[in-house]
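Good morning, and thank you for joining this group meeting.

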Amino acid sequence: MSTLHDCRDAFAAALIALAEEDDRVVAVVNDSVGSSKLGEFGKRFPDRLINVGIAEQAMVGVGAGLAASGKVPFVSAASCFLTARALEQVKIDVAYSDRHVVLCGQSPGVAYGELGSTHHSPEDLSWLRAIPGITVIAPADAAETAAAVRWAAQHDGPVFLRVSRMGVPDIPGLDVPFVPGRATRLREGGDVTIIATGTSVAPSLIAAEQLGAEGIAARVLAMPTISPIDREAVIEAAAETGAIVTAEEAYVCGLGGAVAEIVVEECPVPVRRVGLRGFAPTGSTNWLFERAGLTEDGIASAAREVVAMSVR
Amino acid sequence: MTATPTELADAARRVRLRDLQMVADAGMGHIGGEFSVTDILVTLYLGVLNLDGGSERDRLILSKGHAAAALYATLAEAGLLEEAELASFTGSDSALNGHPANTKLEWVEASTGPLGHGLPIGVGMALGARLDHSDRRTFVITGDGEMQEGSNWEALMIAAHHGLDRLTLIIDRNGLQQGARVVDTSDLEPLADKLRAFGCAVVEVDGHNHAELLDALASAPPEPGKPTAIIAHTHKGHPVSFMSDDPGWHHRVPSTEQVDLARAEIDR
């Protein structure tokens with residue numbers, strides 16, 4: 001496996017490049033300069049890094065007010081605090097009010113491993129996709145993160161951008177520049193489709209290689225946009241491959257729920273959702289991934305199950 | 001804009017009459033808190049706000065969004081909303097939602113309803129003005145019960161830290177919240193001291209006295225470098241004798257007889 005990258009670095013570099021071109025771009029943080037890797041941004045643009053202190057509700061409201069004043073605010077905080085503490089502000093001040101605020105959920109999922117469920121955000125994808133009008137994005141690698149930052153800056157509407165902390169390799173074939181609401185087919189296959197987002201895309205590709213060696217041809221779709229999701233790609237996968245596995249560093253009601261809803265409504269086939277369930281026991285991120293089956297072996301195993309269930 | 005206290009009192013009378021009719025026709029509304037905030041809204045829209053500047057206009061957020069009918073009636077008085085549109089208040093697909101929504105109606109600067117949202121948004125707007133090197137002003141009106149929301153105090157800390165002296169908070173201090181008196185629920189006193197401790201310049205006025213309101217809302221900040229907090233002492237349901245200071249009138253709808261009685265008292 002190639003070098004692993006923390007997507008926050010790509011996020012911070014992309015934001016600095018944007019801010020140099022566009023003086024409307026500002027960052028709003030909750031004492032999260034370091035954890036959002038925005039120290040350099042603050043040095044370059046001291047007036048445009050607004051640190052509200054440990055005050056998430058006001059942070060999102062301030063972002064909405066800045067957007068209403070013609071700025072392009074990137075509101076950046078650990079995803080657990082941004083989405084849970086300030087969910088009503090996200091719903092009302094940003095989504096319902098249709099403000100161009102880019103909510104940046106840093107170190108999401110179980111990136112904070114041993115710190116425990118207080119610091120995990122496995123709910124964020126489920127919560128955010130339930131709110132109308134927000135484009136919910138979970139990039140799979142550094143280049144896609146940077147591309148999504150650039151897209152979010154020019155998209156005149158609410159965005160939630162999940163910025164992964166867990167190291168991910170560069171993944172060839174992702175859409176750069178970013179195209180919202182579109183799945184990318186990273187691997188062809190007719191026996192099963194693995195639909196993955198964020199940090200789960202890389203292990204899904206390895207799982208597909210394993211399955212190929214066993215004679216199971218697995219299609220792999222990267223699904224960076226959870227909402228609005230690429231319905232056509234999901235329906236096509238169900239119709240053409242007859243079995244689906246989803247994989248995400250989140251509760252399975254995120255991407256998995258979104259995919260299962262479409263499959264049940266449009267083209268019922270066996271589905272297995274790989275992801276997090278329940279409050280996590282204490283342990284490292286990698287251990288929690290293994291426990292949840294969010295590894296190449298776990299994803300391959302789920303694929304074998306659905307292929308066995310498939311009636312085709 | 002300029003208007004004399006007498007003109008403002010006349011305008012407020014017309015706004016309350018419109019509001020009364022809207023609530024009676026719709027069979028819903030929050031007439032108590034609408035009548036307590038009416039003079040504040042009228043003074044701002046007709047006597048204070050610069051609304052001509054496009055993106056340089058002053059901003060006003062009615063954070064106590066349940067008083068939406070008073071806002072709509074004031075916008076009509078100020079010529080910013082067609083008078084005829086008031087009849088659609090809370091109707092199917094109306095722009096005049098039960099709580100104001102910026103996506104439904106022009107001049108609504110922020111969608112409000114859940115309490116404690118307007119002031120943080122106002123702080124963001126004031127920070128935006130600061131970044132633009134603009135002198136435009138931002139006003140936020142909250143209820144007094146609303147000051148129980150912690151997000152307001154978060155916002156005040158941010159406003160004071162950044163020295164946002166073009167930001168003015170007006171607290172409609174009618175002393176009542178939905179179910180009871182504020183003092184019997186979770187008391188705010190000493191409110192002025194709390195606001196001062198959070199870095200505000202504090203001014204107390206009679207919130208039904210247009211001359212006092214005009215004076216307090218004048219352009220120069222009372223203390224440069226500090227956000228201003230105006231505690232506007234008001235009466236819920238003012239000036240209708242049977243509504244005034246009665247928590248029962250938070251969202252009661254007047255009967256036909258009560259509408260006539262109220263109209264007579266407002267017109268007096």
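I begin with helix 7 of chain A, which is mostly covered, eleven of its 13 residues being buried. A residue is called buried if 20 or more other C-beta atoms lie within 10 Å of its own, exposed if 12 or fewer do, and partly exposed in between, with C-beta atoms placed from the backbone. Helices (H or I, at least four residues) and strands (E, at least two) are DSSP runs, numbered from the N terminus.

A word on the source: this is a predicted model, in which local features need pLDDT of at least 70 and side-chain atom pairs count only at pLDDT 80 or more, while totals for chains, interfaces and linings use all residues. Residues are numbered from 1 along each chain as its sequence is written, and chains are lettered from A and ligands numbered from 1 in the order in which they are written.

Among the buried residues of helix 7 of chain A are A:E144, A:T145, A:V149 and A:W151. Against what do the buried residues of this helix pack? Their partners in chain A are helix 1 (7-21) together with strand 1 (25-29), strand 3 (72-78), strand 4 (102-106), strand 5 (135-137) and strand 6 (159-163).

The length of helix 7 (residues 142-154) of chain A agrees with expectation, because 13 residues at 1.5 Å a residue should span 18 Å and the end C-alpha atoms are 19 Å apart. The expected span is 1.5 Å times one less than the number of residues.

Let me turn to chain A as a whole. Chain A has twelve helices and twelve strands. Its radius of gyration is 19 Å, close to the 20 Å that the globule rule gives for 312 residues, so chain A is as compact as a globular protein of that length. That radius is taken over C-alpha atoms, and the globule rule is 2.2 Å times the number of residues to the power 0.38. Of the 312 residues in chain A, 62% are buried.

Chain B has eight helices and five strands, and 53% of its 268 residues count as buried.

Finally, the contact between the chains. Chain B contributes 23 residues and chain A 24 residues, where two residues are in contact if their C-beta atoms, placed from the backbone, lie within 7 Å. On the side of chain B that touches chain A, helix 4 (118-131) and helix 5 (150-161) of chain B are the elements giving two or more residues. Helix 4 of chain B gives the most, with ten residues.
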